[in-house]
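Please look through the sequence and the model shown here before reading on. The report that follows goes through selected side chains and their surroundings.

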Amino acid sequence: MIRNPWKSLLAAGLLCAAPAVARGQQDQLAYCTYVMEQAQAQRNLLRTPTATAGFTQPETGLPMQLIGGATLGLSDVRKAELTMDVARKNCELYKATTGAQQEIQFALPSLEKVALLNRLTLIEAASKSLDTLIAQTSKMLEAQNATQLMLFTLQTTKIRLEADRADTRSKLSAIYLPPLSDEPLKELVAQKQSNEEGAQRVLDKLSRQNNWDVALTVGVHQQVNPVAQGAQPYGQVSVSYNLASRAINRHLDRAAEAHNEWKKVEESDVVRQMEVLRQQLADCAMVQEAKLKSLEEENKRIDKNLQLVATPDTSAAFDFHNQLAATQLLLQIETADAAFRIVRLREYLAKNY
């Protein structure tokens, strides 16, 4: 039973994909669990009244009192809600950022893997054509119409093809690819930017809550020296407002704008990385186009020579024909490989930019 090597390679890739999916999801889940637990702890701290107890002597000459009560600020209640919003936004931002970063990081390896799989197909087709030439030459050798040197030339080409096949498989096995999103890269980056702006807006709202507060304090007080009969309730409402609120808010707005500008030029940010990848892909396409042009010119020269010995009637002509045909097979692999790479690069650029 003959096994298809391409199916084996693809099956191996699919088997490796499941753990990769799990690892990616585990990473995001672990981070989101971390930030949500931190936020919930801070939320509980903010929205729970602060208990107080102690001794006080309101004025000199008045009896000492034991007081106990609780204080809760409306600003803290609002902060508790916004803290959870910040955590959720950070979780969404992390997922969007890691998704875009992964797409950028593995874009070139993904294109290379597709090109290598296509190259294996080209090598297989060339190998079959070469086997046909070798079989024809072997029959002529048996009939003493060809020399051993003619056959050796074709066998040498066969060795080169097999070495190319082994090298291509080796390169394929060295490429690691996690599952990538089907969404265009430009949409992934846009989602990341949108989530980042949302996270900044929520952080801005949370920071603004420090500018004001309305605190409610309730409790009881008990005279202790001398001891009085019965505890007396008390309550207090206090309002605070930061006089620098307008200046603070203005700086917060500028900080948000500066953050957006910083992210556009930050080397490690996905917006910058996306532009670097675009330039790399464009450069690769230009290199492959120059290579393709050179290979096509070589193919034309070989075609002209093949036309001269299209029907060889001597052993020398037949030998020359075989050498040209073998060289053409190798050139066709390189030409088709370069053309395929150009198409894939241009398609990727058109889809993702």
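Tyr176 is partly exposed, since its relative accessible area is 41%; here buried means under 20% relative accessible area, exposed over 50%, and partly exposed in between, with a 1.4 Å probe and protein chains only. This is a predicted model, in which local features need pLDDT of at least 70 and side-chain atom pairs count only at pLDDT 80 or more, while totals for chains, interfaces and linings use all residues. Residues are numbered from 1 along each chain as its sequence is written, and side-chain values use heavy atoms, with hydrogens and water left out.

The ring of Tyr176 pairs with that of Phe106, and because the centres are 5.8 Å apart and the planes stand at 75°, the pair is edge-to-face. Rings of Phe, Tyr and Trp (its six-membered ring) pair if their centres lie within 6.5 Å, and planes under 30 degrees apart count as stacked, over 60 as edge-to-face and the rest as tilted. Distant parts of the chain are linked by this pair, as Phe106 lies in the loop between α2 (74-105) and α3 (107-142) and Tyr176 in the loop between α4 (148-173) and α5 (185-208), 70 residues apart. Helices (H or I, at least four residues) and strands (E, at least two) are DSSP runs, numbered from the N terminus. Phe106 counts as buried, with 12% relative accessibility.

## Other aromatic rings

Across the whole structure, a search finds three aromatic pairs. One of them joins Tyr31 and Tyr34, whose ring centres are 6.4 Å apart and whose planes meet at 55°, so the pair is tilted. Both residues belong to helix α1 (residues 5-47), where being three residues apart separates them by about one helical turn. Tyr31 is partly exposed at a relative accessible area of 27%, and together Tyr31, Tyr34 and Tyr94 form one aromatic cluster.

## The disulfide

How many disulfides does a search of the whole structure find? The search finds one, a disulfide being a pair of cysteine sulfur atoms within 2.5 Å. It joins Cys32 to Cys91, with an S to S distance of 1.9 Å, and because the torsion about the S-S bond of Cys32 and Cys91 is about 90°, the disulfide is right-handed. This pair links distant parts of the chain, with Cys32 in helix α1 and Cys91 in helix α2, 59 residues apart. Both Cys32 and Cys91 are buried.

## Asn322

Asn322 is placed in helix α8 (residues 315-352) and counts as buried, with 1% relative accessibility. Leaving aside neighbours within four places in sequence, Asn322 is in contact (heavy atoms within 4.5 Å) with Leu133, Thr137 and Leu154.
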